[in-house]
Structure formats: structure tokens, C-alpha cells
Amino acid sequence: MKTTIRKIGNSEGIIIPKEILERMGLRAGDNIDLSEEAGKLVLKPLDDDFNRQLEHAERFMDRYKVGLKKLAE
């Protein structure tokens, strides 16, 4: 499918056609990973559940870093 890069405020963006979003199981507000591979833009859905769990684990480790350090010894 063809799409156009558009001005959105101070940024630029693209409109992803509804058919593609439905096939990928995506909707407005979902997070995606954008990367460049071999001169191509690649969009991949992010696993929000995993990211939430990772953020929680990081907060836990930061809060209890002294105790975790002693356990590691």
C-alpha cells in the first residue's frame, strides 16, 4: 500500500491504513517498535504486558537494591 509522510505539529508521520492495523491486531494508542533494517523501515508491535512487567521489576530492584546486593553475595 502507498502512504504519504505528513506534517503533524513539529513532527512528521504516516497514516497506517485500517486494513493493516486490523491484520496486525493494532489500534490507536498501541506501542510499536520502529527500526531501520537494510534501508527499510520496519514497524513491529510491542508486547505491552512484558514492558509493564519489566518496568515493575526495575522499580522493585531499585527500591530493594541493597537487599538484593546482599543476597547476591
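In which loop is isoleucine 14 found? Isoleucine 14 sits in the loop between strand S2 (11-13) and helix H1 (18-24). Helices (H or I, at least four residues) and strands (E, at least two) are DSSP runs here, numbered from the N terminus.

Some ground rules. This is a predicted model, where local features need pLDDT of at least 70, side-chain atom pairs count only at pLDDT 80 or more, and totals for chains, interfaces and linings use all residues. Residues are numbered from 1 along each chain as its sequence is written, and side-chain values use heavy atoms, with hydrogens and water left out.

On confidence: pLDDT is the predictor's confidence in each residue, from 0 to 100. The protein chain has a mean of 87, and 97% of its residues reach 70 or more. Helix H2 (residues 48-63) is lowest, at a mean of 80, while strand S1 (residues 6-8) is highest, at 94.

Back to isoleucine 14. Its relative accessibility is 42%, so it counts as partly exposed; buried means under 20%, exposed over 50%, and partly exposed in between, with a 1.4 Å probe and protein chains only. Isoleucine 14 belongs to a nonpolar surface patch with Ile5, Ile32, Leu34, Leu41 and Leu43, with about 600 Å² of accessible area together. Those areas come from the Shrake-Rupley method with a 1.4 Å probe, and only the protein chains shown count as cover for residues. A patch takes residues with over 30% relative accessible area and no salt bridge, joining like charges within 9 Å and nonpolar side chains (Val, Leu, Ile, Met, Phe, Trp, Tyr) within 5 Å. A salt bridge is a side-chain nitrogen of Lys or Arg within 4 Å of a carboxyl oxygen of Asp or Glu.

Strands S3 (32-37) and S4 (40-45) each supply at least two of the patch residues. In a regular strand, side chains alternate between the two faces of the sheet. S3 and S4 run antiparallel, joined by six bridges; pairing requires at least two DSSP bridges. Aspartate 33 stands opposite lysine 44 in S4.

The two strands form a hairpin with two residues between them. Alanine 38, in that turn, has a positive phi of about 55°, in a residue other than glycine. With a relative accessible area of 78%, alanine 38 is exposed.

Last, aromatics. Rings of Phe, Tyr and Trp (its six-membered ring) pair if their centres lie within 6.5 Å; planes under 30 degrees apart are stacked, over 60 edge-to-face, and the rest tilted. The count is one aromatic pair. Phenylalanine 60 and tyrosine 64 have ring centres 4.9 Å apart and planes at 50°, so the pair is tilted. Phenylalanine 60 is partly exposed at 42%, and tyrosine 64 is partly exposed at 39%.
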